[in-house]
Amino acid sequence: MAIPEQFLDELNARTDILDVVSGYVTLNKKGANYWGLCPFHHEKTPSFSVSPDKQIFHCFGCGKGGGVIRFVMEMENLSFPDAVANLARRVGMEVPQQQYGDKERRQRRERVLALNKEAARFYHRNLERPQGAQVAAYIGKRRISRRFVNRFGLGAAADAWDTLIKAMAAKGYDKADLLEAGLAVAGKNGGIYDKFRNRLMLPVIDVRGDVIGFTSRVMDGSAPKYLNTPETALFKKRSILYGLNYAKNTKRPNMILVEGNIDVITLHQAGFDNAVATMGTALTEEHVRILSRYTRELVLCYDNDNAGKDATQRAIALLRGAQFAVKVLQLPRRRTDGGELVKQDADDFIKYQGAEAFEGLLGRSENSVEYRLGEVRAKYDLDQDEARAAYLQEAAAIIAALPSPVEREIYGGRVAEAARVSAGSVEQEVERLRRRRAKEARRKEERQALTPTMSLQPARRELRYTNVRSARAEEGVLRVLLLDGDYFDQLEGLEPSMFSSPLLGKVYQLLLQRHQAGRPCTLSALEGVLEGPEMDHLTAVLQAPLSRGSAAQALEDYIGVIRQEAEGRGGLSQEEELLRMRARFKETKGYGGKGQ
């Protein structure tokens, strides 16, 4: 491992996971653990647990888990070494740089960031040069003021093949640097050429103020119209929100999600400094997780064409169950001088109707249920009986999914009024759908209960067990050893090679080595060796209850099962043994409960 184990052990000893997590998540004590809303997925009922005793976190909803280093990695989107450095600063420790195997990687990252910054300055200066005249004129046409040109660092890429390459070479950057940053493209003859040519350039700046890449718009009719930095170690579209570096400081109570980068700039210029946009991609789980750090209300403001409506519906589906309120701001179509109704985006609306009109629309934003019901109603002619019936069925399906009976009553009444039927008939249809969904959910649970082998398998396919009977016993051994390291003395020659699961065998060997070296045997101590999905699975394994009083006997039973399977002398069938082990677990107090 690049970072010395001794340093990591001391860092884990000095860092309290409860203190770190509390800086991001509101936690409440329940039993031995602390609980809160998971920061890694959307939920309204807390399923995120922090164990101060084990110094681990685990979410029973999304399955993510690990120690304090993994938590910081996920929350701040950092690599393992950078998360270690982050935590080290918190407790006044200094990472031993001379042994920091990732030093070269960190230096490369810093060099790429410095190159991006120099490139942004170069593009920005081009606006004052003849090669940037077309872009400067376009910016003027879009009515972006000089102040906001500077604030967002807008610039121009010349209509040439190597102007950036030459300018950066003069600064000391070579071919490899430009290719790594995604600023140049390799040619067929071994040379390189500028990736961005004849384009409006918009630097993409992260919340730390670093230029991590660029997005751009072409100035002629060539394709592609919009072009981003390719995926790099720094530039990952699934987790980038354009404008968040400024929006994170807004005083407004919400954030506005729009489609385009120019929309963001125009809204900020108009006083809506809470606007952000994805990088030409659909909204992702990572975007939502990042947004949840900065707001409790999200307003969707996509274009009012079919593509925008589809994007809105997808976003609402993704945000269902999120811990913040979701609203939809619908932009009206604009009538041209010739009388034609055309779509408009946020940028168009601000230009033609002004900031005050947009503020009015923002104040009248519909919540996501109202929006979805409105979209359904617009599909049907409610003067036709067949259409009314279809409308009622589709609307009832939306209402049936609402968890609150008050909400179901309110929206059911509105649907009934629109369709000119009694509120009772809508209520009956909603309840019929809810009973059907509940029945389907029960059947699914029953199917899972009848197939314990599958229900006890790891969620990740690549970690699936080939011998479930042995693997469950192997899990038990790890639980006992992580409960108390003194049990290592009772292993009676149990070897890693006897483990059927490669992951569990690897963990057992690592713990055994640490015990023999007199080092702490905790799950968090293995974070530098194990991958994220492996940590997720192991923290889930540790959630099964185990009392100290029964640990010694349990360990003996587990070792017996592992030896039997390793020697090919299975007694009971896997199914029978699993059912027996499950019954034994149920005898332990609190089996299956979250609060253990």
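The crossing of helices α16 and α18 is right-handed, a crossing being left-handed if the near helix is turned anticlockwise from the far one by less than a right angle and right-handed if clockwise. By class, the contact of α16 with α18 has five nonpolar, no polar and three charged residues; here Ala, Val, Leu, Ile, Met, Phe, Trp, Tyr, Cys and Pro count as nonpolar, Asp, Glu, Lys and Arg as charged, and the others, Gly among them, as polar. The model is predicted, and local features need pLDDT of at least 70, side-chain atom pairs count only at pLDDT 80 or more, while totals for chains, interfaces and linings use all residues. Residues are numbered from 1 along each chain as its sequence is written, and side-chain values use heavy atoms, with hydrogens and water left out.

Helix α16 covers residues 368–378 and helix α18 covers residues 405–419; they pack at an angle of about 20°, with their axes 12 Å apart. Axes are lines fitted to C-alpha atoms, for helices over the stretch in contact, and angles run from 0 to 180 degrees between N-to-C directions. The two helices α16 and α18 are therefore roughly parallel to each other, since angles under 35 degrees count as roughly parallel, over 145 as roughly antiparallel, 65 to 115 as roughly perpendicular and the rest as oblique. On the α16 side, Val 369, Glu 370, Leu 373 and Arg 377 meet Tyr 411, Arg 414, Val 415 and Ala 418 of α18, where contact means heavy atoms within 4.5 Å. An α-helix has 3.6 residues a turn, so residues three or four places apart point the same way.

Leu 373 lies in α16. With 8% relative accessibility, Leu 373 counts as buried; buried means under 20% relative accessible area, exposed over 50%, and partly exposed in between (1.4 Å probe, protein chains only). Not counting residues up to four places away in sequence, Leu 373 touches Tyr 391, Ala 395, Ile 398, Ile 399, Tyr 411 and Val 415. From C-alpha to C-alpha, Leu 373 and Arg 469 are 50 Å apart in space and 96 residues apart in sequence.

Arg 469 belongs to the next helix pair, among the α21 residues that meet α24. The axes of α21 (residues 468–483) and α24 (residues 548–566) come within 8 Å and cross at roughly 145°, and this crossing is left-handed. The contact of α21 with α24 divides into 10 nonpolar, three polar and five charged residues. Among the α21 residues that take part are Ala 473, Val 477, Val 480 and Leu 483, and α24 contributes residues including Leu 555, Tyr 558, Ile 559 and Ile 562.

Ile 262, Asp 263, Thr 266 and Leu 267 of α11 meet Ala 346, Asp 347, Ile 350 and Lys 351 of α14. By class, the α11 and α14 contact holds four nonpolar, one polar and three charged residues. Lys 351 sits in α14, which covers residues 346–353, and is buried with a relative accessible area of 18%. Apart from neighbours within four places in sequence, Lys 351 is in contact with Lys 141, Arg 142, Arg 143 and Thr 266.

In α3 (residues 68–76), seven of the nine residues are buried: Val 68, Ile 69, Arg 70, Phe 71, Val 72, Glu 74 and Met 75. Just after α3, Asn 77 takes a positive phi of about 55°. In α4 (residues 80–90), eight of the 11 residues are buried, including Phe 80, Asp 82, Val 84 and Leu 87. Just after α4, Gly 92 has a positive phi of about 75°.

Asn 126 is in helix α5 (residues 103–126) and is buried, with a relative accessible area of 0%. Leaving aside neighbours within four places in sequence, Asn 126 is in contact with Gln 131, Gly 132, Ala 156 and Ala 158. Asn 126 and Glu 431 are 64 Å apart, C-alpha to C-alpha.

Turning to the whole chain, there are 25 helices and 19 strands; helices (H or I, at least four residues) and strands (E, at least two) are DSSP runs, numbered from the N terminus. Buried residues make up 49% of the 596 residues. The C-alpha trace spans about 85 × 75 × 45 Å along its principal axes.
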